[in-house]
Every structure is written in structure tokens, then in C-alpha cells.
Amino acid sequence: MNDKISVLDIDIDNYTAKEAMKETVRYLESDPVNVVELVTVDGLMQMDEVPELKDDIRKFDLVLAGDKTILEAADITDRRTIQETEGHVFMKMFFRYIHKNHKRVYLLVESEEEGEHLYNYLEHSYSGSQIVGLAKVSAQNRADDMLVNAINGGEVDCVISILSSPLQEEFIAKNRGILNTRIWMGLGKGILPVGRPGFGQGRITQFFLKRIFKKEIEKRKRDMSGALVSAK
């Protein structure tokens, strides 16, 4: 399976978890920085407000759906694909791989609480993972140069980012050429089971976000259908 789907003008690779992991292992064995991103409903909606960022995202090596709602928006009905996405199978396969193969990892978060929960999650679920650094990234005070130097100095194999969109995408698009790591894994918000649900991340908020997202998708489909009819 290698077909791309397009949701809110973002191209998403329609891979099985095994296919995505095969690509990721290949990236981990190569020198250039390869960018893998798991997109969420919230992330897509945030990125939709920054049209110029979409060109940068098209240059990412692998973009995967992190929420089954995204697949449904693209009319993907394959049961296996939906179940794997809902169960975050690829992400778990990736964590197991870097743990088993002793890959050196640097973590990026937006708060000390997120950092603590992410570190504890990896230590609990994948005990012995080689976490060589953790940094807090602020949209207001990025300090990109210092952060890039810290990552490069750690001689890491992988950067795992759980930054919000579009901060996450803007950071890697700007600094990709000077980062000395093999893979950037952008997980964003809401995929990892870390942190306590707060404002903007609670179940009720996520429910309404998905409703808004679905209405926007339906509107664009109607507009497209109308445009096709008018063109005939």
C-alpha cells in the first residue's frame, strides 16, 4: 500500500504500520535528517491556518495519520488500517525498535510537566531507552541555535517531538538542514498517553474539534462537487 491521501491539502501516506516501520528503519540507517510526522485532527486544523507551511510539509519523508477521523475524512474504510491507526501500532513498533537497538534519543516538549510524563512513560513502558537529552521549546522564545547545538552535541539517532502545531512543523522545516540526527519523529499533541488532560486536550474538547473538522471536510467536498458541476 503506497497511495497518498489528501486531507485539508496535506498529503498523507496511506501505509500499514509494518510498511511505515520498514521505511523508518531505513531512515535510521541513513545519514540525512529524515522527517516522520504523525498528524492529528487538531494539528491539521492548526496547519490549515498557515498555508505557506504546507509546501514544507510536502518535503517531509513520511506523513502518517495519527487519528482514525483523518482516515474517515479521506473515505478510507480498510478495517486493518483504521484499527492500526486507532491503536497507534506504528508508534509502539517504533518505540520498541529504538529501545531494542539502543538508539540515542532527544526529547522535545513544551512544558516541564510534559517532559516529566514523557520521560516516565518511556522509562515505564520501554525501560532502558537511551534518552540523552530533553528540552522545553517555547513558541515565544525558541532559542533555535542553542537547541540545535544541544541536539547535535548529544550525537543522537532520533529526536522525538511532542510540540503543538504549527510550532513543531515550523521548527523542523527551519532547522532540518543543520540538525545532525538521522530521524525527526514528530508526534505532536494527543497521540502519546502522557500528561493529564487539560484545557484544549480533554475528551469533550476533542469531541468538538472532531465535529468542526468533519464539518469543514464536508464543506470542502461540497464545494469541490459544485465546482466540478459548474465546469461541465
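Trainee: Which residues form one aromatic cluster?
Mentor: Bear in mind that this is a predicted model, where local features need pLDDT of at least 70, side-chain atom pairs count only at pLDDT 80 or more, and totals for chains, interfaces and linings use all residues. Residues are numbered from 1 along each chain as its sequence is written, and side-chain values use heavy atoms, with hydrogens and water left out. Rings of Phe, Tyr and Trp (its six-membered ring) pair if their centres lie within 6.5 Å; planes under 30 degrees apart are stacked, over 60 edge-to-face, and the rest tilted. The members of the cluster are F94, F95, Y121 and Y126.

Trainee: What kind of pair do F95 and Y121 make?
Mentor: The structure holds five aromatic pairs. In this one, the ring centres of F95 and Y121 are 6.3 Å apart and the planes sit at 65 degrees, so the pair counts as edge-to-face.

Trainee: How many residues apart in sequence are the parts that F95 and Y121 tie together?
Mentor: Helices (H or I, at least four residues) and strands (E, at least two) are DSSP runs, numbered from the N terminus. F95 belongs to helix α6 (residues 89-100) and Y121 to helix α7 (residues 112-125), so the separation in sequence is 26 residues.

Trainee: Is Y121 buried or exposed?
Mentor: Buried means under 20% relative accessible area, exposed over 50%, and partly exposed in between (1.4 Å probe, protein chains only). Y121 has 14% relative accessibility, so Y121 is buried.

Trainee: What about F171 and W184, which kind of pair are they?
Mentor: Look at both the spacing and the angle, because a pair of aromatic rings is described by the distance of the centres and the angle of the planes. The centres of F171 and W184 are 5.8 Å apart and the planes are at 20 degrees, so this pair is stacked.

Trainee: Where does W184 lie?
Mentor: F171 lies in helix α9 (residues 167-175), and the pair ties together parts that are 13 residues apart in sequence. F171 is buried at 0% relative accessible area, and W184 is buried at 0% too. The element that holds W184 is strand β8 (residues 183-186).

Trainee: How do α1 and α6 pack, and what is the distance between their axes?
Mentor: Axes are lines fitted to C-alpha atoms, for helices over the stretch in contact, and angles run from 0 to 180 degrees between N-to-C directions. Helix α1 (residues 17-28) packs on α6 at an angle of about 35 degrees, with an axis distance of 9 Å.

Trainee: How many residues of the contact of α1 with α6 are nonpolar?
Mentor: With contact meaning heavy atoms within 4.5 Å, A17, K18, A20, M21, T24, V25 and L28 in α1 meet V89, F90, M93, F94 and Y97 in α6. Ala, Val, Leu, Ile, Met, Phe, Trp, Tyr, Cys and Pro count as nonpolar, Asp, Glu, Lys and Arg as charged, and the others, Gly among them, as polar. One residue of the contact is polar and one is charged, while the nonpolar count is 10.

Trainee: How far apart in space are L62 and V35?
Mentor: L62 sits in strand β4 (residues 62-65) and is buried at 1% relative accessibility. Beyond its neighbours within four places in sequence, its contacts include D13, Y15, T24 and V35. L62 and V35 are 27 residues apart in sequence, yet their C-alpha to C-alpha distance is 6.5 Å.

Trainee: Is E155 buried or exposed?
Mentor: E155 is in the loop between α8 (144-153) and β7 (158-161). Its relative accessible area is 60%, so E155 is exposed.

Trainee: Which residues does a cis peptide bond join?
Mentor: Most residues other than glycine have a negative phi, and most peptide bonds are trans. Omega is about 5 degrees, and the bond joins S165 and P166.

Trainee: What is the phi of D9?
Mentor: D9 is in the loop between β1 (4-7) and β2 (10-13), and at 41% relative accessibility D9 is partly exposed. D9 is not a glycine, but its phi is positive, at about 65 degrees.

Trainee: And where does H88 lie?
Mentor: H88 also has a positive phi, about 50 degrees, without being a glycine. Its place is the loop between α5 (79-86) and α6.
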